[in-house]
Amino acid sequence: MFAYVVRRVLATIPVMAIVALFVFSLLYLAPGDPAAVIAGDQATPQDVERIRASLGLDRPYLVRFGSWVWDILHGDMGVSIFTNLPVTTMIQQRIEPTLSLMILTLILAVSIAVPMGVLAAWKQGTIIDRAVMAFAVLGFSVPVFVVGYLLAYVFALELDWLPVQGYTAFSNGFFPWLENLILPAIALGGVYIALIARITRATMLEVLGQDYIRTARAKGAGQGSILFLHALKNAAVPIVTVIGIGIALLIGGAVVTESVFAIPGLGRLTVDAILRRDYPVIQGVVLLFSFVYVLVNLLIDLVYTLFDPRIRY
Amino acid sequence: MSSATVLSPTAATAPQGVAVAAPTPDVLLPVKARKGFIGFLRRHPTMAIGGSLLLLMVLVAIFAPLLWTTDPTALAPARRTREPSAMYWFGTDMLGRDVYSRVLYGARVSLIVGFSVAILASVVGLTIGMIAGYIRLADSIIMRVMDGLMSIPPILLAIALMALTRGSVQNVIIAITIAEIPRVSRLVRGVVLSLREQPYVEAAVAAGTRTPMIIWRHILPNTLAPITVQATYICAAAMITEAILSFIGAGTPPIIPSWGNIMAEGRALWQVKPYIVFFPAVFLSITVLAVNLLGDGLRDALDPRMAKRI
Amino acid sequence: MPPLLEVENLQTHFRTPDGVNRAVDGVSFHVNAGETLAVVGESGCGKSVTAMSILRLIPEPPGKIAGSIRFQGRDLLTLSDREMRDIRGNEISMIFQEPMTSLNPVLTVGRQIGETLRLHQGLSAKQAEAKAVEMLTLVGIPEPARRVREYPHQLSGGMRQRVMIAIALACNPKLLIADEPTTALDVTIQAQILELMRDLKRTVGAAIVLITHDLGVVAEVAERVIVMYAGKKVEEAAVSPLFRNPKHPYTQGLLGSMPKLGSSLHGDEGRLAEIPGLVPSLKQKIPGCVFASRCPHTTDLCRQVAPALEEKEPGHVAACHYAVKEGAIAA
C-alpha cells in the first residue's frame, strides 16, 4: 500500500512537469515577440523593453524555464506586470471565495446528483428516469452563465430572496456566506450534477443487473438496502472517478460564475489578467488550478480501496 | 395434479380419446413494432428532435440575411436599449444595434466554431490516437504529453491560449481544438488497443495482411462510430467554450456578433434590460441542446455498448 | 396434509422488442414438506424462471407472473412486497448457479450471512456475526472465525458455494430452491457440495427444489422429478419409475444422452444418443405438442393438437399422445 502511494505520487511528477513546461511555453508558442504580445497594441517600445527585462527574455529558453520552475518550487510565481505585486500574494488574496464556491458546489452537486442517478436507475424507463435524463441533457446544454443569470434574475431580482451579486467572507458568519454563494453554486453545479447523475445511473444499472443483487433480493433485503448498500458501494469507483474528473468542469465554470455574480475570486483574477495580458498571473493561476486538479485525482485514486476490497496495491 | 382436460377449439378436430391440453391464456399483450422512417423516429426520438432543431439552426444561420434582419453591426445611438417591440423583435442594445439581427447572425459564429472544432479535433485526435495505438515508442511519449494537457482544465487552457493571441474566430477555433485533442486521442488509442486484441484482427495479422490494410479495413471503420459520437459532444462543448471565451472578453473580437459577445455587451445592463442577455442565451442553449440530443441519439444507435456505460 | 408448496398454472412471460417470450407457460406442481423435487430440462426450458417466479424475483416489467403459487396455504402472488420480503431468505431461500458472481464483492462474508439473520431474526450485528461463524462451521469451512471477515474474492468457488448455502440456511427455511448449485463447480467439488446438501437436508429438514440439467445429480439426491421442455411440464414421476420407464420421448432422449458408467464409448451400442434440432422459439405460440419439431415419433396429430398431461401409470404423469400404452413408442 505504502509503496503504491509513493509510486503514484512519483508518477504525478512527470505530469506536473509537462503541465509546467506547457504553461511556461505558452508565451513562446504564440506568433511574434512575446514581450510585444504581452505589451499589447498600444504599447510604446519602452514598455516592450521593460516587459522583456522583467520576464528575463534575454536569457536562453531552458535556463529561463529552469529558474522559473526553481522559483515556483520556492513559492515564487513571479510578479504581476500590471500591479507589480507578487503573483502568490494576488492568488492568496483571491483564493477564499473560489475555494468556498467550489467546495460548496461539490457538496451540493454530489448530494443531489448521486441520489438522482440512483433513483433514475431504480425507476428505469419510467417518467422519473426520463425526467432525470432530460435534466442531465439540459445540464450539459445550458451554459453556466445562462443558468447564473436566470437564477439571479428570478431569485434575487424578482423575488428578492437572495443578494444579486458579491461575496461575504466566511469569517463574517456562515449564513451571510451561504446567502451569497448559494445561487452561484447552483449555477456552477448544473453541468456537474448532470455528469455525476448520468454516470451514477449508468453504473447503477449495470450493477443492478449483477447476480449478487439477485442474491440480495432472494435474502429478503429491502429496496433501500439493495440500492444503497449492495449496489451503490459496488458502483462507487466509477462514480468517484467521474467526480474527480468533473473538477475540471468546476474550475472552468468558476471563472465564468465569478464574473456573473461579481465574486472577487481567482476566476475574476484570471479574467482581469487576460484583459490586461498580465501573463505571469495567468501562468500562476493555470498552474495552480492544474496542480489542484491533479492532486484531487491522485487522492481519489488512493481512496478506491475504501470502496472496493478487490483493489490492492 | 392439475391435468384437467378442457375442451378447446382444437379438441373438435382431435380424434376420440385424445387428451387435449387447455390453451394457455395471454398474460402480456404484444406491442406492435413500427417499421420504416416513423419507427426509426419512435425508437430514436432524441436524434429526431436534436437533428431537426440543429437543421433549423443551420438554416437560420445560412439564411440570416433573408430573415427580416438588418445590418447587425449598424450603430444607431438614437434608438439605444429599446425594449422588444414589433419594430425591434428582440429590442436594441446599448449602441442601438438590433438584437434580433445580431442573434441570428450570431448563429453563424457558434455553428462555424462548433463544427470546425469537432472536425479538426477528430481528425487530429484520430491521427495521434492511431499513432499512439500502433507505435509503442510513440505511445508512452504521446500519452505523457496528453496526460499533462488533460491536467489543465480545458476552458482554462483555451483561455490561456487566447490570452496570447489576437481575438479572431480562427484563433478561437485553434485554441478550443488544442484543448479538446487529448480526449479524442485517448479515446481512439483505447479503441485501437482493444481492437488489436480482437481475434479477427489477430487473424488478419497472422494471415500476413499489411498494417496499412488492417488499419483501413478493420481499425478505422470501428473507430468511426465512437469518434462520431465524441465529435458531436465536442461540437456542443466547443460552442459553449466559444461563448464563455467571448463572454469574458477572450474570444471573438467584439465587432463580430457572436452570442457570447452579445451577452458580454448586455452584461452591464442585465439587471435593467435582461432581454439583451436573454435572447442569445436561449439561442445558445437550444443549439447546444440540439447537438447534445443528436449525440445521445447517435450513441444509442451506433454504439449500444457504450450507451449502456454512460 | 396439504403440500408445502403448490404451484398451479404458473405462467411467466416477458415482453421483448420482438414479441412476448412465454418462458414458463402453464406449469403446475407441488412440493411436500421435507421432500426433494428435481426439475430437469435443457437450458432455456424455463426451469430457472420457474424457480425465480416462486420467490417473485422476476422483474416486472418486463416480466409478468400469472397463476397461483401457494406456500403454506398463502398465495405468494397476492402478497405485498413487504410480506414477500419476509418470506424470502427466511421461509424460502435460494442458492444460485454462479457462486463466483452471486456474492457481493464489496461486503464481507460474515456481513452477507449476517444480513439474513438481522433482517429476519432481528439479531444485532454482533450476534449475527457469531451466528455467521456457526453457519460457516456447519457448511464445513475451516477457520470460520477468520473467513467470516474475508471478502468473496479471497475464497475458492467451492467455498463460495458453501457460503451461499450458509446464507440460504441461516434462518432455517422450510423450502430451499437450488438453481444448478453444482454446475459451475469442478467435479470433485460438485460431489462435496451435493454431499453437504444431503447432510444438511437431514439436519435442517427443509424441502428442496433442485433445478438441474444433470440427471446424475437427480438420481443421487431427488425423490421426485418433473421434466420441463419449452416452458411446459412434460413429465412427472418418482425418481426410479422415471429412470426405469420414461414415458415422454423427450425424457427418453435426455436419458439416452446420458453417459453410463461402464458402457463402452467404442462401438455402436455405446454411442450417446442425441436429441436432434433445437428448442423452439418461445416467442410464437406452438399449436401442437411443444416437442413435435424434435420428436422421432411425431405425427400430424402431434403438430396440431397439444397433448394434455395424463396419468399414464399411478403417480406417473406425461404429456404425450402416444405414451398412453406402456412401451408403445419406447424404443
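Analyst: We start with a pair of helices. C:Val109, C:Gln112, C:Ile113 and C:Thr116 in H3(C) meet C:Val163, C:Ala166 and C:Ile167 in H6(C). This is a predicted model, where local features need pLDDT of at least 70, side-chain atom pairs count only at pLDDT 80 or more, and totals for chains, interfaces and linings use all residues. Residues are numbered from 1 along each chain as its sequence is written, while chains are lettered from A and ligands numbered from 1 in the order in which they are written.

User: Why is H3(C) called roughly parallel to H6(C)?

Analyst: The axes of H3 (109-121) and H6 (157-169) of chain C cross at roughly 25° and come within 8 Å. Axes are lines fitted to C-alpha atoms, for helices over the stretch in contact, and angles run from 0 to 180 degrees between N-to-C directions. Angles under 35 degrees count as roughly parallel, over 145 as roughly antiparallel, 65 to 115 as roughly perpendicular and the rest as oblique. So H3(C) is roughly parallel to H6(C).

User: What does chain B give to its contact with chain A?

Analyst: Chain B gives 41 residues, and chain A gives 41 residues. On the side of chain B, H10(B) gives the most, with nine residues. By class, that side has 29 nonpolar, seven polar and five charged residues.

User: Where does UniProt place the "transmembrane region" of chain B?

Analyst: The unreviewed entry places that feature at residues 45-70, 111-135, 233-256 and 276-295. UniProt annotations may be inferred rather than shown by experiment. In the model, residues 111-135 of chain B are 96% helix and 0% strand. Residues 233-256 of chain B are 62% helix and 0% strand.

User: How far apart are the C-alpha centres of domain 1 and domain 2 of chain A?

Analyst: The centres lie 35 Å apart. The contact takes eight residues from each of these domains. Domain bounds come from an automatic or database domain assignment.

Notes. Contact = placed C-beta atoms within 7 Å. Helix = DSSP H or I, 4+ residues; strand = E, 2+ residues; numbered from the N terminus. Nonpolar A, V, L, I, M, F, W, Y, C, P; charged D, E, K, R; others polar.
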